[in-house]
Amino acid sequence: MTALGMIDAGFLLAETARQPMHVGGLTLLDPPRGVSARRVADDALGSLLAHADAAPPFNQRATWRMGLWRWEPDRDFDIARHVRRLTLPSPGTDATLRATVAQLHGEALARDHPLWQLYVIDGLASGQLAVYGKIHHALADGVTALRWWARATSRQPTVQPAPFWTRAVPARPAARGGWSMAGAALRPFARNGRRRLLMGAVRSVAHVGAEMARSWYAHGTDNDYVSFSQAPRTLFNRRIGATRSFATASFALAEMTAAARRCGVTLNDLALELCADALRHYLIERGELPDAPLIAMVPLSLRGAAATPGNRVAMTLANLGTHLARPRSRLEVIHRSMADGKQRARRLSPAELMTYLGMQMSPHGLNLALGLDPGWQAFNLIVSNVPGPRGPRYWGAARIAAQYPLSIVIDGAALNITLNSFGERLDFGLTACPVVVPDLDALAGHIHGALDPFR
């Protein structure tokens with residue numbers, strides 16, 4: 001048995017029936033010419049179910065033993081519990097597909113089996129095939145989950161990689177030695193004696209202390225610094241229910257990249273501006289736009305190329321500039337606030353950054369854990385960008401047309417916008433609680449029009 005890391009276990013502890021803690025993705029596929037989606041679905045399901053043996057961590061379930069969450073093999077593993085087939089009722093519209101996926105995404109994964117599922121979906125009026133998958137955040141962050149899915153795809157339709165669950169994934173070293181990234185960072189010092197261990201610890205404390213002091217000073221003097229206490233109250237920051245809604249937007253990746261280059265910003269900065277523009281219009285339509293700018297929590301991946309299990313992610317806060325009417329003015333604000341957060345991440349090691357964030361976020365975390373005031377937030381929503389492989393991609397003989405992500409919403413943050421740059425598209429997936437965020441399709445529609453000023 002392997003003990004979960006602190007962050008990984010936190011996703012299990014935070015999970016409730018209203019607040020499942022898994023990430024997911026919806027893949028749309030174009031069947032080969034002359035082949036029906038139903039035929040592709042039949043062949044795909046048969047091939048997937050034939051791979052009945054799963055390798056770690058896909059054959060492991062979470063158990064609570066000796067005061068810790070641990071991974072242990074599922075002795076009763078059955079691939080049919082994890083790979084399923086769905087046929088949409090006629091006429092199989094896009095709206096029906098999104099509603100079906102939203103319902104699946106709102107259902108928590110059963111703890112008595114490995115925490116992942118895959119659905120092959122046909123019956124779409126478009127003639128396409130869909131695949132929806134979900135995996136618990138305790139098992140993988142969004143970057144790793146997409147990498148696992150990507151390795152089951154290929155650049156050529158004649159190549160059919162094995163399903164992702166058949167390939168063993170090495171355990172993350174930090175998970176074996178303890179609960180914290182800080183512990184992993186300090187182990188090299190321990191191997192070289194107590195003096196170096198103490199010196200390393202002192203340096204880390206000094207770095208975190210200096211960053212805390214820099215943040216305290218910047219709070220009142222630097223307009224680009226985003227504090228953990230300036231997010232305004234919005235309609236997004238309420239208690240959520242158990243249902244989910246899902247909407248999408250999509251752009252040609254080449255067009256987005258060219259527009260970002262012309263503006264002198266990153267692709268992620270421009271994507272954040274599209275979200276900001278859509279949020280501003282959506283809130284104005286409802287008479288809910290606050291005078292202060294909305295604040296987005298933007299995850300930062302701390303992992304390298306290896307797609308190991310678990311979570312290696314930090315975060316920064318982005319000022320979305322929603323109080324500004326001019327798109328280019330908002331983009332400038334977003335670019336500066338993101339640059340400020342990235343500079344902080346470069347000044348600190350991963351362990352130091354996690355310590356800094358823990359100290360800054362502790363009041364907000366306590367508020368979330370106790371459910372004291374969902375209206376008080378360190379951020380208003382989550383916006384993340386998960387990069388995938390570039391160029392045409394195929395799942396079997398079917399070409400991938402879109403890769404829409406789905407993610408987590410929580411009490412106090414009822415909207416999550418996640419982006420996948422996958423293949424030749426930049427696809428936006430919007431996940432929300434419909435009780436708190438009505439008419440999610442309207443918000444997605446505003447994203448579609450937000451690129452016009454930059455074309």
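In H9, Asn268, Asp269, Leu270, Leu272, Glu273, Ala276, Asp277 and Arg280 meet Pro327, Arg330, Leu331, Ile334, His335 and Met338 of H10 (contact means heavy atoms within 4.5 Å; helices are DSSP runs of H or I with at least four residues, strands runs of E with at least two, numbered from the N terminus). The model is predicted: local features need pLDDT of at least 70 and side-chain atom pairs pLDDT 80 or more, while totals for chains, interfaces and linings use all residues. Residues are numbered from 1 along each chain as its sequence is written, and side-chain values use heavy atoms, without hydrogens and water.

The two residue sets below are sorted by class (Ala, Val, Leu, Ile, Met, Phe, Trp, Tyr, Cys and Pro are nonpolar; Asp, Glu, Lys and Arg charged; the others, Gly among them, polar).

| Lining of the largest cavity | ten residues | three residues | two residues |

H9 covers residues 267–285, and its axis lies 9 Å from that of H10 at an angle of about 130° (axes are lines fitted to C-alpha atoms over the stretch in contact, and angles run from 0 to 180 degrees between N-to-C directions). H9 is therefore oblique to H10 (angles under 35 degrees are roughly parallel, over 145 roughly antiparallel, 65 to 115 roughly perpendicular, the rest oblique).

The whole structure holds three cavities of 30 Å³ or more (on a 1 Å grid over the protein atoms alone, a cavity is a set of points where a 1.4 Å probe fits but cannot get out; lining residues have an atom within 4 Å of a point). The largest cavity has about 120 Å³ of space (the volume filled by probe spheres set on the points, which are joined across faces, edges and corners). Its lining has 15 residues, and Met315, Thr316, Leu317, Gly341 and Arg344 are the closest to its centre. H10 gives the largest share of this lining, five residues.

Conventions: On a 1 Å grid over the protein atoms alone, a cavity is a set of points where a 1.4 Å probe fits but cannot get out, and a pocket is an open set with protein on both sides within 12 Å along at least five of seven lines; lining residues have an atom within 4 Å of a point.
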